[in-house]
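Reader: Before I set anything up around this model, could you take me through its sheet and its ligand site?

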Amino acid sequence: MIDVIVAGGGPTGVMLASELRLHGVHALVLEKEAEPTRIVRALGLHARSVEVMDQRGLLERFLALGQQYPVSGFFAGIVKPAPDRLDTAHPYVLGIAQTTTERLLTEHATEIGVEIRRSCELVGLSQDDHGVTAELADGTQLRSRYLVGCDGGRSTVRTLLGVGFPGEPARVQWLLGEVEVAMPAEELAAVVAEVRKTDLGFGAGPLGDGVYRVVVRADGVAEDRTVPPTLDDLKQQLRAIAGTDFGAHSPRWLSRFGDATRLAERYRTGRVLLAGDAAHIHPPTGGQGLNLAIQDAFNLGWKLAAEVNGWAPAGLLDSYHTERHPVAADVLDTTRALVELGSPEPAPRAVRRLLSELMDFEEVNRHLIEKITAIGVRYDFGAGHDLLGRRLRDIALKRGRLYELMHDGRGLLLDQTGLLSVAGWADRVDHVVDVSEELDVPAVLLRPDGHVAWVGDDQQDLHSGLPRWFGAAVS
Ligand SMILES: Cc1cc2nc3c(=O)[nH]c(=O)nc-3n(C[C@H](O)[C@H](O)[C@H](O)COP(=O)(O)OP(=O)(O)OC[C@H]3O[C@@H](n4cnc5c(N)ncnc54)[C@H](O)[C@@H]3O)c2cc1C
């Protein structure tokens, strides 16, 4: 019996499997494709995802291969100076191709012992009180205690479960690809600038060696989005919209995507869960899908591991849906708004001008940046201190940095009083006695995902707070 089968070896599946593995859980990733994709979808990580990498000791690898950009300009492309003192140690967007992100996550997963089986497509599943039976395309059957569908927007797992996926179908599609161009760079840049005055979805950016990443609105919505466009399709659309096809040739890859926006009705059905694009899809405006997906995995991993390892308190696994479903609903709404704000129609353009004026108020600008970077996410843990439910930013301690102490994915009590104790939970929660000029509360209890579960200085109160997240005390 495998502990957890993860269907889909994209960023969500691999991140989740690593989180499970950190807790000694045997996670098997099944990926239907024989090789990693060459198609580059996401181009960057927002602050919260960079923090997640830092919390697991992966920051240096990502920084070495990424490029840091200012956070301004990510809300509907409206450029304002970034507010002072954003609540993160990583106030930048890390430009890094999704293919590189996936490679780094996969390397890490493999290093810590995650098993990834390629050319393995899940085609069927059933569950009973004790486990899940997964059926593969070659007829093999595998049995696991849990299964998580991280199999993308067209999720087979979601379909097999019969989980509803309400929302809006694609109204528009875009063609995307990496191609070589014959047109000189300056001339091409001038054409792009002109078209973008009225069509913010259009773009052509140099990648080096004469290769450009090109995105242009498609002529209608293709029945089957998975069938890639041809070079002729792309050139025809470029001519229709930009008046020139840039002399495009020698495509590296071509793809299409749309603006369908949908959210799974539930993230858990018994022993089967959904995460990442399998649970939510939306257009890439604002660059949030991959970030949201990685953060789903970060939320789910330790909870599912606790369930498998037998110490999960009642309701812990269900809190995955309760916490992450509203976050996704909010991202979908933000994306809907961003799409409207990019419209060339007079009314949305007027709303855009108004929003641009409002963003001159620092608090408005800060709110929108916190939203798009996900550092503003606050889970509802009930009434209490303002930190409760939020993730704590990385802070300097006497002995180093907070996030350096979180690489093992355990709970952490940061105790500035030196008077508290986690006796009874020491197998699940680290007790760090240290002080920080950046923390103005006596002590905080952090969950493995870095969210603040308790604030205070009272041992009895701490004792009543620990079981909610870390289960019963052991003697
Ligand atoms: C053009 C474009 C630009 C984007 N830009 C950004 C951006 O800038 N920032 C951002 O955050 N997000 C962006 N996104 C979104 C981002 O690409 C996705 O949100 C992200 O890939 C989701 O990861 P995932 O692992 O959930 O799904 P996927 O990446 O789709 O991975 C799913 C995996 O499951 C496998 N699979 C599918 N079915 C099965 C099966 N039955 N059995 C086994 N394996 C299966 C697939 O082969 C795939 O490897 C963009 C998306 C597009 C289309």
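**A helix, a sheet and a ligand shell**

Author: Helix H7 (residues 231–242) lies across S11, S13 and S14 and runs at about 70° to S13; contact here means heavy atoms within 4.5 Å, axes are lines fitted to C-alpha atoms, for helices over the stretch in contact, and angles run from 0 to 180 degrees between N-to-C directions. Helices (H or I, at least four residues) and strands (E, at least two) are DSSP runs numbered from the N terminus. The model is predicted, with local features needing pLDDT of at least 70 and side-chain atom pairs pLDDT 80 or more, while totals for chains, interfaces and linings use all residues. Residues are numbered from 1 along each chain as its sequence is written, and side-chain values use heavy atoms, leaving out hydrogens and water.

Reader: What is the order of the strands in the open sheet of 4 strands?

Author: Two strands count as paired if DSSP finds at least two bridges between them, and the pairing in this sheet is antiparallel. The edge strands, each pairing on one side only, are S12 (203–208) and S14 (249–258). The order is S12-S13-S11-S14.

Reader: Which residue is the bridge partner of Gly205 in S13?

Author: S12 and S13 pair in the antiparallel sense over 5 bridges, and their hairpin has 2 residues between the strands, with Asp209 taking a positive phi near 55°. The partner of Gly205 in S13 is Arg213.

Reader: How many bridges join S11 to S13?

Author: S11 (residues 173–180) and S13 (residues 211–217) run antiparallel, and Gly177 of the structure stands opposite Val214 in S13. The number of bridges joining S11 to S13 is 7.

Reader: How much of the ligand's exposed area does the protein bury?

Author: An oxygen atom of the ligand is 2.7 Å from an N or O atom in the side chain of Thr12, and a nitrogen atom of the ligand is 3.1 Å from a polar backbone atom of Lys32. Taken alone, the ligand exposes 1000 Å² (Shrake-Rupley method, 1.4 Å probe). Of that area, the protein buries 87%.

Reader: Which helix gives the most to the shell around the ligand?

Author: The ligand is surrounded by 29 residues, where a residue counts if one of its heavy atoms lies within 4 Å, and the shell divides into 11 nonpolar, 11 polar and 7 charged. The elements giving two or more residues are helix H1 (11–22) and helix H8 (289–308). With 3 residues, the one that gives the most is H8.

Key
Polar contact = N/O pair within 3.5 Å; in protein donor to acceptor, adjacent residues only side chain to side chain. Nonpolar A, V, L, I, M, F, W, Y, C, P; charged D, E, K, R; others polar.
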